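Hello,

Here is the structure for your files. My notes on the aromatic residues and the core follow below.

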Amino acid sequence: MFILMFSFVTFPSIISKYGIFNSTFAKIPPQNTEPHCTVYTPSGNKGLVYFYTYLKDLLSGTGFLEVTSLFYGYYTIQTAWFSILSYNLPLAYLLATFAYLALSFIWIIKRSLEGFKQNLVHGEDQFQSYCNKVFAGWDFCITDPNAARLKHRSLQYELQTDLEEERLKRKIADRTVREKLRIYSLRIFINIIVIAVLSGCFYSIYRATVFSQENSSDISNMNFHANLLVQYLPSIVITLANFIAPQIFSFLIGFESYSPAFEIRLTLMRCVFVRLANIGVLLFSLWSQISYCATDECKACGYNYKLYPCWETEVGQEMYKLTIFDFMIILAVTLFVDFPRKLLVTHCSCKPVQWYGLQEFRISDNVLEIIYGQTICWIGTFFSPLLPAIATIKYFIIFYIKKISLIHTCKPAARPMRASSSNFFFLLVLLIGLVLAFIPLGISIAHIPSSKACGPFKSFNTSWEVVPDTILGFPVGLQQVLHGIASEAFAVPFFVVICSFLSEANAQTDSSSSL
């Protein structure tokens, strides 16, 4: 994602602005636009400023960072010329966004299909599953005693889980009507509680976002800490929701009488929904503020030009803050929770401390953290083109933090994930995150009017309009071909042919596998 955005958007903008390689550029002013819609004064620091102001700007993406290539508002060039070649930056910006989304989608689908086939093989026959675990489950490359204990424990847990599921199936088959009615009533009641918890999380995020947006610009009566707290209030509330809601779901799932494997999956799906939906609620809250217009001057711009003269940069700053705050929380939990907990358990023999024990390393929770960060990156890259670079550095550091924490402060999970099904499940969740990222990006590109005071699309009503505007410059014959490809008369038969081709390919793969 970083390579795409930097190569086709950031790099051409920088070299054309500074005239490198004899390059020049043109800024086309918006036409048929009210003058008040084009006023944008970035909150850059002028004159002598305190050090903590730079620190606040670094953490919140405001001030000196707001006018850098990190955010959407920096890219105001419409066309760049390199010798005799012209470069359409708005079109490149949009196509680079489509490219990283399409590549992500193709890679996830490819990996998911491989995991799905493995999942089908493991789920075909329960007896075959037992045979695989008993006779072919051991890894003879293991030489370390600790690794051998972990592998032994994992196999033992999988066998116990299989036997427990068989026992539950028999128990379910023997349930009376009265027992079924009691269990279903309890599940309905618990799901009502789950919906209430989700509603509380969403409402809290909405109120926090509205409060932050209304008060973050009023810094005259605030000190450094109060202003930073207001800036980060949505991120703090989202992090608290991501922490508290899963704890409640893990407690409630024990009363629903599901199988151990289904308990894990249902809890994970609820946690995934909380994390991804929280991002959606944050964006909905921002858009409700951006699109709120009470005057004719505001309606002429199509968005709240007073509070958000460059609303894409505002959204990018929120995604930037979510990324930075997520990194700070992971680092703080490892340094100030996991390591002190390890020291207490090692050097204190008190029964409460020993009962509390070491932190379990749950693979599912850590993978969901990565999926959450990846979804933020997918959404935020359109508004902050260099956000993938920050995310890359972030997860490079987090990998070694997690590795040190895993080796020195954690113990294996009491209920490990099944390797046969977890890989496919995690890829499926990642695919859900990508599909959910399509929705806000699609709305931002095709529905919400683009800012008239900043960005590469300020000459267009929406970001998508650069595509038909570019097509109008093509020869008539090529225009007719492109319109034909985009029509339903071509799309439906093409989709049918592709589905038939994929079905044939899968059938050939299955037949060769069976042979």
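Tyr93 and Phe382 are both buried (under 20% relative accessible area; exposed is over 50%, partly exposed in between; 1.4 Å probe, protein chains only). Their ring centres lie 5.5 Å apart with the planes at 85°, so they pair edge-to-face. Rings of Phe, Tyr and Trp (its six-membered ring) pair if the centres lie within 6.5 Å; planes under 30 degrees apart are stacked, over 60 edge-to-face, the rest tilted. Tyr93 sits in helix 3 (residues 89-123) and Phe382 in the loop between helix 13 and helix 14, so the pair ties together parts 289 residues apart in sequence. Helices are DSSP runs (H or I, at least four residues), numbered from the N terminus.

This is a predicted model: local features need pLDDT of at least 70, side-chain atom pairs pLDDT 80 or more, while totals for chains, interfaces and linings use all residues. Numbering runs from 1 along each chain as its sequence is written, and side-chain values use heavy atoms, without hydrogens or water. Mean pLDDT (predictor's confidence per residue, 0 to 100) is 80, and 85% of the residues score at least 70.

Tyr93 and Phe382 also belong to an aromatic cluster, with Trp311 among its other members. In the largest nonpolar core, 91 residues, Trp311 and Phe382 touch the most other members. Such a core joins buried Ala, Val, Leu, Ile, Met, Phe, Trp, Tyr and Cys through side-chain atoms within 4.5 Å. Helix 9 (residues 260-290) gives the largest share, 13 residues.

Best wishes

Conventions
Helices (H or I, at least four residues) and strands (E, at least two) are DSSP runs, numbered from the N terminus.
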